[in-house]
Amino acid sequence: MIKSVLRLAESIRSWARNRKTVSADKVSRVFKFRYACFKDLLASNTELLTIISDIENKLSGQDVFGMSYVRSQATRAVFHTLRMVKSLDDLSGHRYPALFNRVAQINDVIEQELAKTREVTVPDLVLPYSKVTKETVDWVGGKNANLGELLNKVRLPVPLGFAITTRGYRFFLEENQLEEEIAGLKMNVDSDDPQSIETVSEKIQRLMITAPVPESLEKAILEAYESIADQYGRSSGTVGRIPPKVALRSSAIGEDSELSYAGQYLSVLNVPPEKIIETYKYILASLFTPRAISYRLNKGLRDDDVAMSVACIVMVESVASGVAYSVDPSQVPADRILINGIWGLGPYAMDDVITPDSFVVAKDDGFPIIEQKVAQKAVKLVAIAQGGLQEFPVEPELQSRPCLTSDQVRTLASHVLALERHYSYPQDVEWALDPRGQILILQARPLHLEKIELKRPELVGDHALMVEGGVVAYPGVGYGTAFHINSDEDLARFPDQGVLVAGHSKPQFVIVMRKAQAIVTDVGSITGHMASLAREFGVPTILNTKTATKSIPHGAEVTVDAYSARVYEGCVPELMDLRTQRTAAMKDTPIFETLRSVASWIVPLKLVNPTAANFAPEYCETLHDVMRFVHELSYREMFHISDVVSDTEGGGSVQLRAPIPLDLHIIDLGGGLSGVSGYSRTVTADQVASIPFRAVLAGMMDERLRSAGPRAIDMGGFLSVVREQMFTPGSMEERFGDKSYAIVSDYYVNFSSRIGYHYSVLDSYCCDAMNKNYITFAFKGGAADEIRRNRRVRAISNIFRAHDFTVEVREDRVDARYYKFDQASTMEKLEMLGRLLQFTRQMDMLMHSESSVELVTKCFLNGDYDLCGNP
């Protein structure tokens with residue numbers, strides 16, 4: 001009987017369907033254009049989240065920054081928002097012109113805020129460190145500004161040196177008329193062509209290296225060097241002897257930002273005086289290395305927002321050197337200082353070439369040494385007379401001797417504590433010991449404890465460890481009652497002072513963040529929307545723990561340590577000290593107030609619920625709102641990409657030969673198939689390279705489904721199917737025998753499938769960047785009566801919920817979403833979806849009673865794919 005119905009359906013289909021044929025080339029161009037728009041949108045979404053995260057970190061007030069930073073980040077934020085809007089508008093067929101107007105309005109307000117702050121330029125080509133503080137950061141860059149701050153405000157010993165200012169850099173370009181020539185060369189850069197970047201980089205760097213340093217700039221640099229050389233000679237008793245060598249370090253504007261590509265600019269150690277001018281030009285030219293050019297292109301940075309200052313510092317003949325933390329990350333409470341040190345120059349300590357000595361010092365009067373571990377230090381790095389660095393063996397009698405005496409340890413500890421008190425924040429300090437036994441501070445920066453990966457004790461006191469691991473979105477400590485969030489109804493019941501525990505981070509949690517003592521989730525990213533909100537509200541947050549919902553019982557009293565990414569049972573008094581609100585070094589400055597005003601139009605997120613009535617362009621108040629709206633709508637647009645083939649005969653596709661019950665045709669947007677020639681008309685499953693589609697096929701071809709055998713069919717269900725198909729207008733030509741299409745790339749699939757009497761669309765992106773990953777799935781149709789179709793969608797929705805999907809059911813349609821999980825989890829769900837697509841064949845005929853809903857759900861979840869014989 002089934003075969004006769006299918007034959008009848010096929011005969012109806014032959015005259016009912018009348019599709020227009022479109023060329024394969026045109027179909028391919030349409031898909032590739034839309035997919036390119038989508039990839040651009042995702043890339044800018046990632047960049048914008050990173051910008052917002054960096055601004056939020058700066059709003060804590062611990063990092064030094066200037067107006068160049070504020071302007072640069074505001075410009076980049078607007079650039080990436082507009083890029084997202086344009087991508088969505090192109091993707092949708094130009095349905096969102098209102099978004100361009102909204103971004104323009106927000107940009108106008110940001111420009112007005114920036115115009116309120118008048119930037120002061122510095123006329124000096126060089127500045128001695130006696131005139132440098134954090135307020136001069138726009139002229140001398142972060143490294144120089146920090147050293148000047150240590151010398152002039154904290155009164156700590158630092159190496160002799162001076163800053164060659166950004167005015168010197170711009171003067172060098174102006175005098176050699178390089179600005180227009182560089183701009184002209186950069187017109188030839190193609191961001192998608194690495195060779196063009198290499199060629200342009202080589203030409204620009206050659207221009208800068210061969211250009212002469214203006215006489216007045218050279219004179220200013222050499223006079224400043226003579227001044228520090230004279231000071232060095234008098235203090236060291238070496239006047240008239242060999243002049244000291246220097247370290248020339250890049251101190252570019254914005255170089256110490258969280259967004260900076262670490263190490264992309266040049267620094268040179270142990271430079272003799274006769275090579276200072278030549279080396280200076282090499283450091284300026286490092287602004288235009290291939291990776292620096294590519295970095296600025298991809299990050300939306302203008303060359304106008306970047307300028308190079310250079311630090312010229314007398315080389316310290318380091319007897320010993322190392323790093324110190326004003327808070328020992330391996331211990332709680334925060335009353336201990338950790339000092340690490342080695343013989344010789346510091347790079348061997350920073351790069352973990354040698355295991356350092358370690359000293360743990362209490363912050364009590366006299367700085368008692370609590371613990372000392374002396375390592376075997378066989379080699380050291382030394383500056384040699386000819387210039388450059390060289391490794392030498394450590395003298396045998398020194399290899400197992402501490403590199404610092406007890407008095408030197410205590411002196412260094414007092415310096416480190418002075419820095420913490422000045423900045424009102426834990427500090428990460430680089431230090432050196434000179435031949436006269438003086439401790440010098442080389443650099444200090446905020447110690448972001450959430451980024452330290454040092455070993456910690458398994459327990460604090462007698463408290464059981466419930467969770468360990470994950471990533472810290474916002475550091476701090478929270479104590480309260482664990483409250484699991486599984487639905488919007490749970491959010492409405494969230495208690496004051498509770499600890500929010502959830503499977504996935506969601507921006508909807510914002511409504512309880514003022515109540516929450518902490519947030520802990522199984523899955524999430526520190527650059528996601530919810531992480532941004534947690535930072536905005538200052539809620540200690542640990543994401544991506546994998547096990548929080550299983551390991552933390554609902555109602556349990558817990559202490560969340562969002563410094564070490566741990567959750568303890570009960571209240572941990574030792575950690576409560578870390579809850580103290582810290583002040584911020586930058587917060588009383590005009591520049592900070594400007595950043596706060598500008599950030600109010602960039603950072604806040606108010607558009608958090610995609611189903612709310614105000615989820616529309618006209619309600620976007622900030623760039624973050626626009627980003628959230630565009631990101632959400634992009635999924636919907638990509639979900640319907642397969643509609644393009646509905647009016648074609650699948651131009652440009654190849655047919656899949658695989659043991660699945662589908663007439664499946666694949667359109668490759670690039671990287672989705674391998675080993676396919678231009679003449680191929682069929683492919684095998686082994687030739688599918690698309691990561692998400694390969695996972696779906698693995699589920700569909702699961703041996704357990706093929707071995708399940710024929711299912712027993714309820715006759716009432718079968719007659720219901722026949723009745724609906726014979727008497728529902730237009731149903732047969734829509735539901736029997738149609739082709740299925742998969743539009744694929746390396747990380748993407750849009751799969752519209754027709755199995756049996758059911759129609760589904762799967763849209764997924766699956767890569768190693770968690771924030772880009774998603775699955776959207778719709779399942780509709782069915783050949784039985786309304787009651788059986790309703791039972792079917794309830795069974796399917798139960799299966800999705802058991803697999804952590806967000807599910808919505810409307811009549812005979814199921815919509816499921818799975819967003820922002822890691823690649824392995826996303827692939828696992830895609831494989832499950834492949835099995836589910838096979839499992840649902842002829843399900844309508846089997847849904848003969850209410851008990852079938854629960855039984856079908858149970859069978860699938862248990863891997864019993866023959867439906868327990870007869871549901």
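This is a dialogue on how to read several features of a predicted model.

Student: What does the protein chain contain in the way of helices and strands?

Tutor: Keep in mind that the model is predicted. The protein chain has 27 helices and 30 strands. Of its 871 residues, 56% count as buried.

Student: What share of the contacts with a separation of 6 or more comes from residues 24 or more positions apart?

Tutor: In the protein chain, that share is 67%. Leu 345 sits in the loop between β7 (336–343) and α12 (347–350).

Student: Is Leu 345 buried or exposed?

Tutor: Leu 345 counts as buried, because its relative accessibility is 8% and the cut-off for buried is under 20%. Setting aside neighbours within four places in sequence, Leu 345 touches Met 315, Val 316, Ser 318, Ser 321, Leu 381, Val 382, Ala 383 and Leu 389. Its C-alpha atom is also separated by 9.5 Å from that of Leu 433, a residue 88 residues apart from Leu 345 along the chain.

Student: Which other loop residue can be read in this way?

Tutor: Take Pro 659, in the loop between β22 (654–657) and β23 (664–668). Pro 659 is partly exposed, with a relative accessible area of 44%. Between the C-alpha atoms of Pro 659 and Met 701 there are 6.7 Å, while 42 residues separate the two along the chain.

Student: How do I read the packing of two helices?

Tutor: Look at the axes, the angle between them and the residues that meet. Start with α3 (residues 67–91) and α19 (residues 623–639), whose axes come within 10 Å and cross at roughly 25 degrees. Therefore α3 is roughly parallel to α19, as angles under 35 degrees count that way. The crossing of α3 past α19 is left-handed.

Student: Which residues of α3 and α19 meet?

Tutor: From α3 they are Ala 77, Val 78, Thr 81, Met 84, Val 85, Leu 88 and Leu 91. From α19 they are Leu 623, Val 626, Met 627, Val 630, His 631, Leu 633, Ser 634, Glu 637 and Met 638. By class, this contact of α3 with α19 has 12 nonpolar, three polar and one charged residues.

Student: At what angle do the axes of α4 and α19 cross?

Tutor: They cross at roughly 160 degrees and come within 10 Å. Because angles over 145 degrees count as roughly antiparallel, α4 is roughly antiparallel to α19. Here too the crossing is described by its hand: α4 passes α19 in a left-handed crossing. Leu 99, Val 103, Ile 106 and Ile 110 of α4 meet Leu 623, Val 626, Phe 629 and Val 630 of α19. By class, the contact of α4 with α19 has eight nonpolar, no polar and no charged residues.

Student: How is α4 placed against α18?

Tutor: Helix α4 (residues 97–115) and helix α18 (residues 590–599) pack at an angle of about 170 degrees, with their axes 9 Å apart. That makes α4 roughly antiparallel to α18. On the α4 side the contact involves Ile 110, Glu 113 and Leu 114, and on the α18 side Thr 594, Ser 597 and Val 598. By class, the contact of α4 with α18 has three nonpolar, two polar and one charged residues.

Student: Is helix α10 mostly covered or mostly exposed?

Tutor: Helix α10 (residues 276–285) is mostly covered, with eight of its 10 residues buried. Its buried residues include Ile 276, Tyr 280 and Lys 281.

Student: Which residues have a positive phi without being a glycine?

Tutor: One of them is His 94, with a positive phi of about 65 degrees. His 94 lies in the loop between α3 and α4 and is exposed, at a relative accessible area of 52%. Another is Gln 497, where phi is near 65 degrees. Gln 497 is in the loop between α14 (488–492) and β17 (498–504) and counts as partly exposed at 46% relative accessibility.

Student: How many disulfides does a search of the whole structure find?

Tutor: A disulfide is a covalent bond between the sulfur atoms of two cysteines. The search finds zero of them here. For Cys 766, the closest cysteine sulfur is in Cys 767, 7.1 Å away, which is too far for a bond. Cys 766 is buried, with a relative accessible area of 0%. Cys 312 also counts as buried, at 0% relative accessibility.

Terms used
Residues numbered from 1 in each chain as written. Predicted model: local features only at pLDDT ≥ 70, side-chain atom pairs only at ≥ 80, totals over all residues. Heavy atoms only, no water. Axes fitted to C-alpha atoms, helices over the stretch in contact; angles between N-to-C directions. Helix = DSSP H or I, 4+ residues; strand = E, 2+ residues; numbered from the N terminus. Parallel < 35°, antiparallel > 145°, perpendicular 65-115°, else oblique. Left-handed = near helix turned anticlockwise from the far one by under 90°. Contact = heavy atoms within 4.5 Å. Nonpolar A, V, L, I, M, F, W, Y, C, P; charged D, E, K, R; others polar. Buried < 20%, exposed > 50% of the residue type's maximum accessible area, 1.4 Å probe, protein only. Disulfide = S-S within 2.5 Å.
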